[in-house]
Amino acid sequence: EDFKFPSIDSFYVKNETKIETNINSEKLKECIQYLNSSLLSNNIGRHSHLLVTGNSGTGKTCFAKELTLLLGCGGNAVASKITNCVSLKGKRADMIKKQIETSLEELEYKAPSVYILDNLDSLMPVVEEDRPDEHSTILGAWLSQLLTDTSKRSSGVAVIATAKSSEALNGRLCSARGSLPFRKQVHLQIPGKAEIIKLMKFFLMSE
């Protein structure tokens, strides 16, 4: 039987408090809906990868982790793994490829699963025309093809990457020059006055 995440309506009822107390509640629900429709094993060719962007302090890593945890609240276990790409900087391309490929293979075996590539722009930054970066160019083209292949064979693995912005990433990963593995993007911002008031009202009404 094909695995399917809970519907957004039933999911929202079971996890209303967890979602509403998140400053990015609407974006969480949007991403849950996207992954729910993308990680079906019979949806061949559907892209299930997500790019979360935002400046430092906007909670990109926490958002990715929270999303992964919430996907596991529907009665079906969702395996997950996170790689901080900052720790891969300075390593040889073949070592980086091996680590990411091994992680994806492990998660594919445990599917449905989520792989978080945190701070991906630190490892595969945009390549400026006047400042060529062969390392980033090679890795960007390789990862773009790897993630596209992962989606096409319906592996049951969703990849969530975080970066400061799509423009900060290697063009192979999120521009027309590549195969666009990250077709879904969500941008986080530091909460404003309205969002803070919303949370305060929620907590006060819950008491």
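Predicted model: local features only at pLDDT ≥ 70, side-chain atom pairs only at ≥ 80, totals over all residues.
Colleague: Fine. Where is Thr162 found, and why does Thr162 count as buried or exposed?

Modeller: Thr162 is in strand E4, residues 157-163. Buried means under 20% relative accessible area, exposed over 50%, and partly exposed in between (1.4 Å probe, protein chains only). Thr162 comes out at 0%, so it counts as buried.

Colleague: And what makes the pairing of the Thr162 and Asp118 side chains a polar contact?

Modeller: A polar contact is a pair of N or O atoms within 3.5 Å; within protein, one must be able to donate a hydrogen and the other to accept it, and residues adjacent in sequence count only if both atoms are side-chain atoms. The two side chains meet that at 2.5 Å. The Thr162 side chain also reaches the backbone nitrogen of Asn119, at 2.7 Å. Leaving out residues up to four places away in sequence, Thr162 touches several others (contact means heavy atoms within 4.5 Å), among them Val52, Lys60 and Leu117.

Colleague: Why is Ser122 called partly exposed?

Modeller: Its relative accessibility is 23%, so Ser122 falls in that middle class. Ser122 belongs to helix H6, residues 120-123, and its side chain reaches the backbone oxygen of Asn119 at 2.6 Å.

Colleague: How do you know that E1 and E4 pair?

Modeller: Two strands pair if DSSP finds at least two bridges between them. E1 and E4 have four, in the parallel sense, and Thr53 has Ala163 as its bridge partner in E4.

Colleague: What makes the span of H5 close to the one expected?

Modeller: The expected span is 1.5 Å times one less than the number of residues. H5 (residues 93-109) has 17 residues, and its 24 Å from first to last C-alpha is close to the expected 24 Å.

Colleague: How do you know where the buried residues of H5 lie around its axis?

Modeller: They are Ile96, Ile100, Ser103, Leu104 and Leu107. Seen down the axis of H5, they fall within an arc of 95 degrees, so they line one face of the helix; that arc is taken over the directions from the helix axis to the C-beta atoms. An α-helix has 3.6 residues a turn, so residues three or four places apart point the same way. On the face of H5 turned away from the buried side sit the exposed Lys98, Glu105 and Tyr109.

Colleague: What do the buried residues of H5 pack against?

Modeller: Strands E2 (79-84), E3 (113-118) and E4, along with H6 and helix H7 (134-152).

Technical notes:
Residues numbered from 1 in each chain as written. Heavy atoms only, no water. Helix = DSSP H or I, 4+ residues; strand = E, 2+ residues; numbered from the N terminus.
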